[in-house]
Amino acid sequence: MTYTPKSEFLRIIIERGFLADCTDLQALDDALCAGVVPAYIGYDATAKSLHVGHLLNIMLLRWLQKTGHKPLTLMGGGTTKVGDPSFRSEERPLLTPEAINANIDSMKQVFARYLSYGEGASDALMLNNAEWLDGLNYLDFLRDIGRHFSVNRMLSFESVKSRLDREQSLSFLEFNYMILQAYDFLELNRRYGCLLQMGGSDQWGNIVNGIDLTRRVADAQVFGLTTPLLTTSDGRKMGKSQGGAIWLNGDLLSPYAFWQFWRNTTDADVGRFLKLYTELPVAECDRLGALRGSEINAAKIILANEVTALCHGAEAAAAAEATAREVFEKGGLGDDLPTLVLGADEARAGISVVQLFVRSGLAKSGKDAKRLIAEGGARLNDEPVTDAGRVVDMSDLSQPVKLTAGRKRHALVTLG
């Protein structure tokens, strides 16, 4: 990066590792220095919660606001009805309008923890593209907007090309997605003076389309900025764990499990993740990331505490650390562990230990649980489980039962 930006926002995000590409870095820098820049990131409502894979761009919006600019969080109430085909091998399942709205209501909880919403110049706005997409007239849209898109160019985008190169079907419905996303940028520019769209680097083609459309229709200069698609140092996609997605909503993933995900960060990723997912000074992030041996564990706890405090609050972070200390240092039972609650009838009948590991999320299947037991990786109340046929019943559940898979993954089983 040879260009040294003048704006605080660009200086911070470049130093902390957020920037992958920008359509015109110097012109964007000038705009950021000239006044408040409204900028947006879009979120399709395909699930009830955002996950850790979204957190990088949420932090980007947070830094945008902290440096005096205006974040627009655009919920895809309209575009979710189509589904983004970018780098997917098959079409997304179509959701009902009711399911989409329920997902949006659930997802909104997260943004309020990171951004300040209101009517001020740099206050964030929560928007929904269904407001302008649901009422579109198809023929008018084709004539006024569709004529600005070259199919040849759309086919050249990597997100589409990779699907076609593998001879995987791309429906006409999905092919329209990039036109709708481009139209979002045009509408946001018209309605809110939006000058910047941000997103992951897999959105580059969609963002460039929106910039081109806005220039053609509104004769406005707007910009695009992308963040890198992160993988961990061991090659895994950021945000995935053995138990599945790391959700940001506490009702889908407990704050303790969220904290534990960050506590288990690979040594080589600690410094980088501190810069991206916390607000600690860069020099401190570098210092902590350079620690070695047992000292790096202290840095991981700082990482887990800082990220969890932002997402779930300082009290939840402190409780998670206390629970972890009790479980790992004292061998006790922490209150915030993921918990499987059994009904009295089920407990009286008895349930196999294999099913307990599956239902608590510590094993993906019965076969996986049996393999865990056979390899000596399953423990019940810190005692090795050697018999896959063992049944846990009411007498075992007079107190909460702690399940352990491997060395670091725990869950509780209690009576409801």
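Predicted model: local features only at pLDDT ≥ 70, side-chain atom pairs only at ≥ 80, totals over all residues.
Tutor: Residues are numbered from 1 along each chain as its sequence is written, and side-chain values use heavy atoms, with hydrogens and water left out.

Student: Let's start with Thr80. Where is it, and what makes it buried or exposed?

Tutor: Thr80 is in the loop between strand E3 (70–76) and helix H4 (97–114). Helices (H or I, at least four residues) and strands (E, at least two) are DSSP runs, numbered from the N terminus. Buried means under 20% relative accessible area, exposed means over 50%, and partly exposed is in between (1.4 Å probe, protein chains only). Thr80 comes out at 5%, so it counts as buried.

Student: Which residues does Thr80 touch?

Tutor: Leaving out residues up to four places away in sequence, Thr80 touches Asp44, Ala45, Thr46, Leu95 and Ile100. Contact here means heavy atoms within 4.5 Å. Also, a polar atom of the Thr80 side chain lies 2.4 Å from the backbone oxygen of Gly76.

Student: How do you know whether Glu174 is buried or exposed?

Tutor: Its relative accessibility is 2%, so Glu174 counts as buried. Glu174 lies in helix H9 (residues 172–175).

Student: And what about Leu248, buried or exposed?

Tutor: Leu248 has a relative accessible area of 0%, so the label is buried. Leu248 is placed in the loop between strand E8 (244–245) and H12. Its contacts, not counting residues up to four places away in sequence, include Leu55, Ile58, Val110, Arg113 and Phe258. Leu248 and Lys48 are 200 residues apart in sequence, yet 9.9 Å apart in space, C-alpha to C-alpha.

Student: Why is H13 called largely enclosed?

Tutor: Because 7 of its 8 residues are buried. Those are Val270, Gly271, Phe273, Leu274, Lys275, Leu276 and Tyr277. What covers them includes H1, H3, helix H12 (255–263), H14 and helix H15 (295–312).

Student: What makes H13 and H14 roughly parallel or roughly antiparallel?

Tutor: Their axes cross at roughly 155 degrees and come within 7 Å. Axes are lines fitted to C-alpha atoms, for helices over the stretch in contact, and angles run from 0 to 180 degrees between N-to-C directions. Angles under 35 degrees count as roughly parallel, over 145 as roughly antiparallel, 65 to 115 as roughly perpendicular, and the rest as oblique. H13 and H14 are therefore roughly antiparallel. On the H13 side, the contact is made by Val270, Gly271, Leu274 and Lys275; on the H14 side, by Val282, Cys285, Asp286, Leu288 and Gly289.

Student: Which label does the H3 and H4 pair get, and why?

Tutor: H3 and H4 pack at about 45 degrees, with axes 10 Å apart. That makes H3 oblique to H4. The residues making this contact include Leu55, Ile58 and Met59 of H3 and Val110, Phe111 and Tyr114 of H4.

Student: What is the largest nonpolar core, and which members touch the most others?

Tutor: A nonpolar core is a set of buried Ala, Val, Leu, Ile, Met, Phe, Trp, Tyr and Cys residues joined through side-chain atoms within 4.5 Å. Of the 69 residues in the largest one, Met198, Phe258, Trp262 and Tyr277 touch the most other members. Helix H3 (residues 52–66) gives the most to this core, with 9 residues. A second, separate core of 30 residues includes Met178, Leu180, Cys194 and Leu213.

Student: Now the surface. How do you know whether Thr386 is buried or exposed?

Tutor: Thr386 is at 73% relative accessibility, so it counts as exposed. It is found in the loop between strand E12 (383–384) and strand E13 (391–392).

Student: What makes Asp219 and Asn381 worth a look?

Tutor: Most residues other than glycine have a negative phi. Asp219 has a positive phi of about 55 degrees although it is not a glycine, and Asn381 has a positive phi near 50 degrees. Asp219 is exposed, with a relative accessible area of 69%. Asn381, at 36%, counts as partly exposed.

Terms used: Polar contact = N/O pair within 3.5 Å; in protein donor to acceptor, adjacent residues only side chain to side chain.
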